[in-house]
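This report describes a predicted model. It covers helix packing, nonpolar cores, sheets and a few loop residues.

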Amino acid sequence: MSPRHAPDHTTDCAEQTPLLEPTRAVFAADGPLAESQPGYRPRAGQQEMAEAIADAIDARAALMVDAGTGIGKTFAYLVPALLSRQKVLLSTATRQLQDQLYQRDVPRIKQVLGSDAQVAILKGRANYVCPVHLARNLRDGRFRDPKIPARLRIIERFAALSDTGDRAACTQLSEEDPAWAFATSTRDNCLGQDCPELRRCPLMHARQQAQKADVLVVNHHLFCADLAMKDDAMADFLPRADILIFDEAHQLPDIATEFFGNTFSTRQLLELGRESQKIGNHDAPGLADWPGLYKQLEAVAGRLRLALPSGLLRLGLEELLSADAQDVNEWLVDVLPDVDDALEAHLQTLKPLADSSADLGHLYERTQTLLERLRHWHTAFLRATAKTPDEALILWAQTTDSHAQLRTTPLSVAERFAQAREQHGGAWIFVSATLAVGGSLDHFARLMGMQDAWQLQVESPFNYPDQAALWIPRGLGNPTAPDFPDRVAKQAWPLIRRNRGRAFVLCTTLRAMRQIAEQLRREAGDDIDILMQGEAPRHELMKQFREAEAAVLVGSAGFWEGVDIAGEKLSLVIIDKLPFAPPDDPIYRARSQALQRAGQHPFRELSLPQAMLALKQGAGRLIRTETDHGLLVICDERLRSRSYGAQILASLPPFKRLESFAEALDFLKEEST
């Protein structure tokens with residue numbers, strides 16, 4: 001089905017919908033926004049987007065909007081949504097954006113509109129203090145880090161005074177502090193309705209508020225987890241809504257892929273064993289050999305890890321079935337039944353004790369779930385070894401130095417989303433600055449199973465040719481060569497020195513990131529701070545970058561998007577190479593093979609669109625406001641030499657093009673003066 005485009009209200013025959021005129025009035029030069037916001041001025045792109053969303057809400061349609069940076073997309077979707085007086089679910093990519101919507105943007109629009117809508121925020125359970133697990137770990141927890149008990153006392157005091165128990169509100173500890181793992185629950189160990197502290201549970205309180213809200217702010221992970229629970233016929237924890245709005249929607253397909261799959265891990269086995277030993281000794285001492293049961297799970301977990309190659313790896317079906325030097329296939333065939341037997345023995349031990357306490361009952365259910373996950377993967381593996389694989393599933397494994405995961409992932413999430421939309425109904429609005437590929441949103445529509453969705457592209461109001469320039473260095477050679485990161489660093493350093501830092505270096509791999517950061521540090525000495533992803537929590541790195549007189553941040557995937565540094569602090573962005581997916585990635589490889597079987601071209605249909613969207617995100621770090629200026633450097637000559645280079649360049653904003661190193665240096669000199 002060919003896509004529909006949002007109604008064009010510049011024509012006399014455009015259909016007028018009930019929400020259109022009130023929305024248009026809010027954005028007028030003399031409207032409520034202008035009256036309440038100093039310096040407000042109407043933006044044609046923002047109004048066009050808001051009107052399209054109003055139409056989609058009235059038509060209960062799906063709408064996909066590629067909104068260029070600076071449009072003001074948040075207000076463009078909040079105004080018609082709140083004017084509708086319907087139930088609204090807002091989903092965004094990160095907890096930080098959730099907090100921004102809940103604490104700043106939604107209250108601001110409520111005030112402008114005089115709305116009395118009840119607003120709530122809901123995050124995943126790991127964001128809320130669990131009174132049971134906090135008390136248990138304070139009582140008898142054993143910690144490798146001697147600082148953990150003191151930090152748990154801080155969390156205890158915070159929880160006693162907090163209305164929400166949301167870790168983001170705890171000012172004395174970072175959200176990434178390891179102590180939170182001992183003060184929160186997981187889906188596996190949460191007692192749910194059987195919890196003795198249910199009335200004091202911050203998560204349950206947040207869910208109750210969510211059920212009553214007119215506007216609920218969630219994140220994509222939570223939304224996808226809710227859809228996955230519906231697939232398992234489990235109870236909903238997100239209320240139904242008339243309008244669903246997804247900001248930063250480009251992340252949805254990947255997040256959904258993660259949640260719609262199945263995972264069994266050695267870490268889950270060990271955690272089950274530890275919890276069973278702790279709870280069994282407390283609630284049913286002497287009624288089972290709790291240390292022996294733990295040792296049994298520990299033994300099979302170790303054997304399962306040893307059945308797979310060592311290192312940090314993602315192993316696809318080809319590697320799992322190959323008869324390589326480590327005989328992965330034979331080892332798995334040998335060990336998986338033993339893991340099954342150990343879990344079955346654990347289950348039978350817990351079965352007669354499950355009614356004696358809520359904790360033991362939950363451990364019994366948890367063991368059942370883990371056994372089902374193992375058998376799901378094992379069945380898929382046996383089918384694959386028999387040459388009759390389930391072509392709707394991607395079978396793979398992931399390893400670290402000490403743990404292993406056995407995973408199944410859906411080949412596509414399109415059908416799941418299409419079914420969810422059909423069952424749910426209402427208006428579905430998808431918004432991002434990076435949805436369009438080659439001037440069309442068809443690629444995203446196919447990923448989401450919504451080829452009938454309306455499409456709208458709204459250009460950024462920024463004057464890119466005047467504000468920014470793009471330079472593609474020559475002579476750096478093959479981007480896949482082992483020494484390519486060193487050549488990138490050598491090329492980058494004179495630019496960084498001329499710009500007095502104020503730069504991001506965005507890398508496509510962690511190896512390249514470390515190589516480039518190491519070489520830049522040798523060059524920079526004490527003159528410029530070289531910050532690297534992973535050496536501190538993300539928020540702390542951003543704080544250091546903003547506060548430093550001269551700093552460079554070298555990062556990988558985590559810094560290509562969702563980072564907003566406006567003004568002079570960031571005026572140089574260097575990207576090492578085009579962000580193509582690794583060809584040996586098991587998910588990418590399986591989807592490529594499926595496209596080939598369907599007679600399609602994997603590079604054109606999958607690899608190239610993904611790279612274009614990722615590159616747009618990275619390039620988007622440079623210009624964040626109408627007064628920003630800066631230089632983008634992409635160190636990949638394939639943009640010049642390959643036929644697809646022109647397509648990729650056309651997907652970027654219309655930066656001024658520079659042709660030489662001297663021009664790039666001169667541009668930075670001019671920007672610095």
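## Packing of α6 on α11

Helix α6 (residues 131–140) packs against helix α11 (residues 266–283) at an angle of about 75°, and their axes are 13 Å apart. The angle falls between 65 and 115 degrees, which makes α6 roughly perpendicular to α11. On the α6 side the contact is made by Arg136, Asn137 and Asp140, and on the α11 side by Glu275, Lys278 and Ile279. Sorted by class, the contact has four charged residues, one polar and one nonpolar.

## Nonpolar cores

In soluble globular proteins, nonpolar side chains tend to be buried together. In this model the largest nonpolar core has 44 residues. Those with the most contacts inside this core are Met64, Phe417, Trp428 and Phe430. Helix α9 (residues 220–231) gives the largest share of the core, seven residues.

Leaving aside residues up to four places away in sequence, Met64 touches Phe430, Leu435, Leu441, Phe444, Ala445, Met448, Met450, Ala453, Trp454, Gln455 and Leu456. Another core lies apart from the largest one and has 43 residues, among them Ala301, Leu320, Leu336 and Ala342.

## The four-stranded sheet

Four strands form an open sheet in the order β7-β10-β9-β8, and their pairing is antiparallel. β7 (262–265) and β8 (313–315) stand at the edges with a single partner strand each, so one side of each has no neighbour in the sheet. From one strand to the next, the twist averages 20°.

Within this sheet, strand β9 (residues 393–399) pairs with strand β10 (residues 404–410) in the antiparallel sense over seven bridges. Opposite Leu393 stands Pro410 in β10.

An open sheet of seven strands has parallel pairing and the order β15-β16-β14-β17-β18-β13-β19. Its edges are β15 (529–532) and β19 (656–658), each with a single partner strand, so one side of each is left without a neighbour in the sheet. Direction ignored, neighbouring strands are turned by 20° against each other on average. β15 and strand β16 (residues 551–555) run parallel and are joined by four bridges. The bridge partner of Asp529 in β16 is Ala551.

Helix α20 (residues 510–524) lies across β14 (503–506), β15 and β16, and runs at about 165° to β15. Helix α23 (residues 602–619) packs on the sheet and touches β14, β17 (572–575) and β18 (630–634). The direction of α23 makes about 155° with that of β17.

Strand β3 (residues 88–92) runs parallel to β5 and is joined to it by five bridges. Ser91 has Val218 of β5 as its bridge partner. Strand β4 (residues 119–121) also pairs with β5 in the parallel sense, over three bridges. Here Ile121 stands opposite Val217 in β5.

## Loop residues

Asp452 is in the loop between α17 (442–447) and β12 (454–458). Its relative accessible area is 29%, so Asp452 is partly exposed. The C-alpha atoms of Asp452 and Ala62 are separated by 7.7 Å, although the two residues are 390 residues apart along the chain.

Arg60 is found between α3 (44–59) and β2 (62–67), and Arg502 between α19 (484–498) and β14. Which of the two is buried and which is partly exposed? Arg60 has 45% relative accessibility and therefore counts as partly exposed, whereas Arg502, at 11%, counts as buried. The limit that applies to Arg502 is 20%, because buried means a relative accessible area under that value.

Technical notes:
Residues are numbered from 1 along each chain as its sequence is written. This is a predicted model: local features need pLDDT of at least 70, side-chain atom pairs count only at pLDDT 80 or more; totals for chains, interfaces and linings use all residues. Side-chain values use heavy atoms; hydrogens and water are left out. Axes are lines fitted to C-alpha atoms, for helices over the stretch in contact, and angles run from 0 to 180 degrees between N-to-C directions. Helices (H or I, at least four residues) and strands (E, at least two) are DSSP runs, numbered from the N terminus. Angles under 35 degrees count as roughly parallel, over 145 as roughly antiparallel, 65 to 115 as roughly perpendicular and the rest as oblique. Contact means heavy atoms within 4.5 Å. Ala, Val, Leu, Ile, Met, Phe, Trp, Tyr, Cys and Pro count as nonpolar, Asp, Glu, Lys and Arg as charged, and the others, Gly among them, as polar. A nonpolar core is a set of buried Ala, Val, Leu, Ile, Met, Phe, Trp, Tyr and Cys residues joined through side-chain atoms within 4.5 Å. Buried means under 20% relative accessible area, exposed over 50%, partly exposed in between (1.4 Å probe, protein chains only). Two strands pair if DSSP finds at least two bridges between them.
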